[in-house]
Amino acid sequence: LVQPECLVVDSANVYWIDRSGSLYSADKTNVASPRLLSAGAYPAQVSGLAQDSASLYYTIREALPTASGDPARSFVGKIPKTGGAVVEIVGQAYFNQVYADLRNSPRDDGSGGRNVFPTFTGIALKDGKLYVAGDPAGGSAIGTYSSTGPAPVYPAPGYIFGSSTPDADRYVSVDSAYVYWTTSDSVRKAPLVGGQASNVQS
């Protein structure tokens, strides 16, 4: 295996994604070779993996070999557990629009466009709704997206919590009432219905 990253399990299988963005599954009780569900094409920053009974959901930022100044490609993907085509729940068009707006927005000190690469990080799933960390507007937020589509329209998803200050939001989990996430120096939570975020630990 080559640098396996996030993983989830169900009653029969283990599923994981590696640093190339490739998704695999393997029987929990069989040592046979893993099954390739989807092949990644580029080195990638993998941040989250979630599941329901039929599909896998993940966040990724690919390092594309594009011309200087082009953004890396970041998206929220969905794929059947049996393999097949990847559906971009939040795809490249949305990401490109956000990136273009960031490049054209001034810094607070007036020194020019912000050198911010918006990216999606942690992900969790509950009752058909995806909770995704990493604000595509270059701040800090937990956004919500439908796990079945349609793709969101820029400028914004439904934010449970948002801040204009980037804070390295990374991993996400949910229970019956709250969404929880990690930052660079704290564990935070906010109500699923939206509202004030608070520290669990800092």
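A salt bridge is a side-chain nitrogen of Lys or Arg within 4 Å of a carboxyl oxygen of Asp or Glu. The exercises below concern a predicted model, in which local features need pLDDT of at least 70 and side-chain atom pairs count only at pLDDT 80 or more, while totals for chains, interfaces and linings use all residues. Residues are numbered from 1 along each chain as its sequence is written, and side-chain values use heavy atoms, with hydrogens and water left out.

**Exercise 1. Salt bridges**

Determine how many salt bridges the structure holds, and describe each pair.

Solution.

Step 1. The structure holds three salt bridges.

Step 2. Asp10 forms a salt bridge with Lys81, with the closest N and O atoms 3.1 Å apart. Asp10 lies in the loop between S1 and S2, and Lys81 in the loop between strand S7 (73-80) and strand S8 (87-90), so this pair ties together parts that are 71 residues apart in sequence. Strands here are DSSP runs (E, at least two residues), as helices are (H or I, at least four), and they are numbered from the N terminus.

Step 3. The accessibility of the two partners is considered next; buried means under 20% relative accessible area, exposed over 50%, and partly exposed in between (1.4 Å probe, protein chains only). Asp10 has a relative accessible area of 21%, so it is partly exposed. Lys81, at 10% relative accessibility, counts as buried.

Step 4. The side chains of Glu5 and Arg19 also meet in a salt bridge (3.6 Å, N to O). The pair links distant parts of the chain, 14 residues apart: Glu5 is in strand S1 (residues 4-9), and Arg19 is in the loop between S2 and strand S3 (23-27). Glu5 is partly exposed at 31%, and Arg19 is partly exposed at 35% relative accessibility.

Step 5. Asp127 forms a salt bridge with Lys126, the closest N and O atoms being 3.8 Å apart. Asp127 is exposed, with a relative accessible area of 73%, whereas Lys126 is partly exposed at 23%.

**Exercise 2. The surroundings of Asn13**

State where Asn13 lies, whether it is buried or exposed, and which side chains it meets in polar contacts.

Solution.

Step 1. Asn13 lies in strand S2 (residues 13-18).

Step 2. Its relative accessibility is 14%, so Asn13 counts as buried.

Step 3. A polar contact is a pair of N or O atoms within 3.5 Å; within protein, one must be able to donate a hydrogen and the other to accept it, and residues adjacent in sequence count only if both atoms are side-chain atoms. The side chain of Asn13 has such a contact of 2.8 Å with the side chain of Arg35 and one of 3.3 Å with that of Tyr15.

Step 4. Contact means heavy atoms within 4.5 Å. Leaving out residues up to four places away in sequence, Asn13 touches Val8, Ala26, Asp27, Lys28 and Arg35.

**Exercise 3. Aromatic pairs**

Classify the pair Trp16 and Tyr24 and the pair Tyr58 and Phe75.

Solution.

Step 1. Rings of Phe, Tyr and Trp (its six-membered ring) pair if their centres lie within 6.5 Å; planes under 30 degrees apart count as stacked, over 60 as edge-to-face and the rest as tilted.

Step 2. A search of the whole structure finds three aromatic pairs. In one of them, the rings of Trp16 and Tyr24 have centres 5.7 Å apart and planes at 15 degrees, so the pair is stacked. Trp16 and Tyr24 are buried.

Step 3. The ring centres of Tyr58 and Phe75 are 5.9 Å apart and the planes stand at 70 degrees, so this pair is edge-to-face. Tyr58 lies in strand S6 (residues 55-62) and Phe75 in strand S7, so the pair ties together parts that are 17 residues apart in sequence. Both Tyr58 and Phe75 are buried.

**Exercise 4. An open sheet**

Describe the sheet that contains S13, S14, S15 and S16.

Solution.

Step 1. Two strands pair if DSSP finds at least two bridges between them. Four strands form an open sheet in the order S13-S14-S15-S16, with antiparallel pairing.

Step 2. Strand S13 (172-174) and strand S16 (198-201) each have a single partner strand and stand at the edges, so one side of each is left without a neighbour in the sheet.

Step 3. Three bridges join S13 to S14, and Val172 stands opposite Trp181 in S14. The two strands form a hairpin with three residues between them.

Step 4. S14 and S15 are joined by five bridges and by a hairpin of four residues. Tyr178 has Pro191 in S15 as its bridge partner.
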